Amino acid sequence: MAPPTPAENESHQQLLNQLDIAHIARPFRNPHWKPSQRRNKNVKQLISESSRKEASQMATQANSGATTPLPTTSASTDGSQTPAEGTPRTNIAQAAQNLSTLVLEKNARATFPSGPAVTYTNIESAPSLHPSQQTKYCDITGLPAPYTDPKTRLRYHDKEVFGVVRSLAQGVPESYLELRAAHVVLK
């Protein structure tokens, strides 16, 4: 094959330049792209916002319908006089909240006189025994157990644990049921 002539080299280079896609400038972004108008928040901002929201709801729930009248004094409340120095200052909102809580507890005790008074402010209330509140856990792993083996009556988490349950020796499933207080004792 004969070496290419300078004219052939020139035409070949022009063809390469014409077909080269890297030669064309391409922006990284779409020219019609605009940033989102939604502002992303970090975890700290989300937590502080939710705690602020809960605090405001707690204050409004505790004071719902309960008002404390201001004490009648000779001092005017129109702002023309300042209170005397050295007099104890009380937080009216906190006093109203405490009074409201006391009134609610007293009304609850009057409504249900027998047994311990169960309110939202004391810790004496027992855990819920409603079936919808009872979460079942795997007897082998301790993870939430949506399945129960009909043969051994053991609760299991997934397919792998089911294989373990079925491979247990005789008498072992009964010991697991005994730990859960679900075993049957025949007399």
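**Entry 1: the annotated span.** I looked up the UniProt record, an unreviewed entry, which lists residues 136-165 as "domain: Vps72/YL1 C-terminal". Positions follow the numbering used here, the feature name is shortened, and such annotations may be inferred rather than shown by experiment. I then checked the geometry of residues 136-165: the end C-alpha atoms lie 16 Å apart, and the span is 23% helix and 13% strand. Helices (H or I, at least four residues) and strands (E, at least two) are DSSP runs, numbered from the N terminus.

**Entry 2: ground rules.** This is a predicted model, so I noted that local features need pLDDT of at least 70 and side-chain atom pairs count only at pLDDT 80 or more, while totals for chains, interfaces and linings use all residues. Residues are numbered from 1 along each chain as its sequence is written, and side-chain values use heavy atoms, with hydrogens and water left out.

**Entry 3: salt bridges.** How many salt bridges does a search of the whole structure find? It finds 3. The criterion is a side-chain nitrogen of Lys or Arg within 4 Å of a carboxyl oxygen of Asp or Glu.

I took Glu 49 and Lys 41 to begin with; their side chains meet at 2.6 Å, N to O. Glu 49 is partly exposed at 37% relative accessibility, and Lys 41 is partly exposed at 38%. My cut-offs: buried is under 20% relative accessible area, exposed is over 50%, and partly exposed is in between (1.4 Å probe, protein chains only).

Next I checked Arg 180 and Asp 139, which form a salt bridge at 3.1 Å, N to O. Arg 180 sits in the segment after helix H5 (172-179) and Asp 139 in the loop between helix H3 (92-111) and strand S1 (147-148), so this pair ties together parts 41 residues apart in sequence. Arg 180 is partly exposed at 25%; Asp 139 is buried at 15%.

Then came Arg 166 and Asp 149, with their closest N and O atoms 2.7 Å apart in a salt bridge. Arg 166 is in helix H4 (residues 159-166) and Asp 149 in the loop between S1 and S2, so to speak distant parts of the chain, 17 residues apart. Arg 166 is partly exposed at 41%. Asp 149 is buried, at 0%.

**Entry 4: Arg 155.** I wanted its charge partner. Arg 155 lies in strand S2 (residues 155-156). Arg 155 is buried yet has no salt bridge. The nearest side chain of opposite charge is Asp 139, 5.5 Å away. Lys and Arg count as positive, Asp and Glu as negative; His and the chain ends are not counted. I listed contacts (heavy atoms within 4.5 Å). Leaving out residues up to four places away in sequence, Arg 155 touches residues including Asp 139, Tyr 147 and Arg 180.

**Entry 5: aromatic rings.** I searched the whole structure and got 2 aromatic pairs. The rings of Tyr 147 and Tyr 156 have centres 5.5 Å apart and planes at 25 degrees, so they are stacked. The rings of Tyr 156 and Phe 162 have centres 4.9 Å apart and planes at 45 degrees, so they are tilted. Rings of Phe, Tyr and Trp (its six-membered ring) pair if their centres lie within 6.5 Å; planes under 30 degrees apart are stacked, over 60 edge-to-face, the rest tilted.

Tyr 147, Tyr 156 and Phe 162 form one aromatic cluster. Tyr 156 is buried at 12%. Tyr 147 is partly exposed at 43%, and Phe 162 is partly exposed at 26%.
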